Amino acid sequence: MERELLNRTLRPGSDCLSIDQIGRFADGALTGTEQATAAAHIDSCVTCASELALLHSFADTAVRPEERAIVDSAVTEIRRREKVTVGATQRDRSIVRFWEFGRLRNAMSMAVVLLIAAASYYLLNPSSPRLPASVDSGGEVTRSLAVAVRGPVGDQVAVPERLEWQPVTGAVRYSVRVMEVDRRELWSASVTGTEVQIPDAVRAQIVPAKTLLWQVTALDQTGRPIAESGVERFRLAG
Amino acid sequence: MRELSDEDLIARYRLAPAAEQSRQLLEELFRRHQARVVAWCYRLTGDRSQAVDLAQDVLAKAYTSLDSFRSESKFTTWLYVIARNRWRDELRARQVRPREAEEELMESAEPSALNDALAALQARDARAIVHRLMNDVLDETEKRVMTLHYGHDMRLDEITAVLGLTNTSGAKAYIVSAKRKLNAAVKRWNGNS
């Protein structure tokens, strides 16, 4: 009972600042009014004040003598893992990173196996493809990759701040759409990174038990779609 | 190069990202912060192997997302936001973790009056009242420890390390004293309301 009450009252509330906002507050990067509003909130909200304290703990982090040997060896290990050439183009960095991560490499290995299996099937069964009776004229493309999303997906304990996904090799831009369950578009954006902040106006529409959909499409240098995620669903737990 | 600020390094890098000079600029930028990120991750995880994985994730994310950095905030703040979000994901993923035996003992040893008094708050605006009482009766460290533990699901040993608490029993002592003070404050609040 006591723990539940403390959990409920000390977790970030709907009026709390996001981690990003607290960062900008700490740097004095908000507008004058926003800065004053944030200061007043942090002054009365122990949750946001603690978030700010965490930020300061990071900024003030200096390696302690007892940590020195461990940190030095850990840094050496990270550098050894980093086979990527720092300073390559953003695209090149993404590609090398993509293969650097073991779990993604494993996922891609599995995808290649499935691709070979599928190709073998069609080569051994050379029948003509069935065509639909009618074809939608809008935006049909051939996509060989799927964008793996990080989230939000499923029930959320708090209003999500951003949409995140895994990088796609060859993608230079991502197009993101947030939709109502009837596929009516609420908001869309085009970004170069693998995440995008959800604007406050859209976040305000994320209310308990209301399901929203989102989808991300990876685009190459010519703006051609090369991969697409599934239509992901999420909602704020009621 | 070493006299340049983080933000200046990034600005110069963006002038010619493919140039050899730019590679050195980014090496310098990340070299400056690797140890800080690793140390912070080590304090959070208390385990070298986990710290390496977490720090590598954070640095890789920062590296591949550098184009999204806006110079309106400091690079270290931006790096922190990435690290904090990554760590928050970890915390959410382990929300089903079994509670620490030490916590169980600590709570069972406390007077039940605290439970009763706090339970009485539920029908009211509990959040606002608990925050006000904490601001009124707890010192800054007690507030931080309580909030990081109950609001952000951090373990006591993590809080001890991240906040650099040097007392013998670390965060545990602050939880005990904070609850004792809150207990008394809630009783007074009950008496006045």
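**Exercises on strand pairing and helix contact**

In this predicted model, the bridge partner of Gly151(A) in E4(A) is Glu164(A).

**Exercise 1.** Determine how many bridges join E2(A) to strand E4 of chain A, and in which direction the two strands run.

*Solution.* Strand E4 covers residues 162–165 of chain A. It is joined to E2(A) by 2 bridges, and the two strands run antiparallel.

**Exercise 2.** Give the strand order of the open sheet in chain A and identify its edge strands.

*Solution.* Step one: the sheet consists of 3 strands in the order E2-E4-E7, with antiparallel pairing. Step two: strand E2 (149–151) and strand E7 (195–197) of chain A each pair on one side only, and these are the edge strands. Step three: on average, neighbouring strands of this sheet are turned by 20° against each other, direction ignored.

**Exercise 3.** Classify the relative orientation of helix H2 of chain A and helix H4 of chain B from their axes.

*Solution.* Step one: the axes of H2 (residues 19–26) of chain A and H4 (residues 75–93) of chain B come within 10 Å and cross at roughly 155°. Step two: angles over 145 degrees count as roughly antiparallel, therefore H2(A) is roughly antiparallel to H4(B). Step three: the crossing in which H2(A) passes H4(B) is right-handed.

**Exercise 4.** List the residues that make the contact between H2(A) and H4(B), and state their classes.

*Solution.* Step one: H2(A) contributes Ile19(A), Asp20(A) and Gly23(A). Step two: H4(B) contributes Thr77(B), Tyr80(B), Val81(B), Arg84(B), Asn85(B) and Arg88(B). Step three: by class, the contact of H2(A) with H4(B) has 3 nonpolar, 3 polar and 3 charged residues.

Terms used: Residues are numbered from 1 along each chain as its sequence is written. Chains are lettered from A and ligands numbered from 1 in the order in which they are written. This is a predicted model: local features need pLDDT of at least 70, side-chain atom pairs count only at pLDDT 80 or more; totals for chains, interfaces and linings use all residues. Side-chain values use heavy atoms; hydrogens and water are left out. Axes are lines fitted to C-alpha atoms, for helices over the stretch in contact, and angles run from 0 to 180 degrees between N-to-C directions. Helices (H or I, at least four residues) and strands (E, at least two) are DSSP runs, numbered from the N terminus. Angles under 35 degrees count as roughly parallel, over 145 as roughly antiparallel, 65 to 115 as roughly perpendicular and the rest as oblique. A crossing is left-handed if the near helix is turned anticlockwise from the far one by less than a right angle, and right-handed if clockwise. Contact means heavy atoms within 4.5 Å. Ala, Val, Leu, Ile, Met, Phe, Trp, Tyr, Cys and Pro count as nonpolar, Asp, Glu, Lys and Arg as charged, and the others, Gly among them, as polar. Two strands pair if DSSP finds at least two bridges between them.
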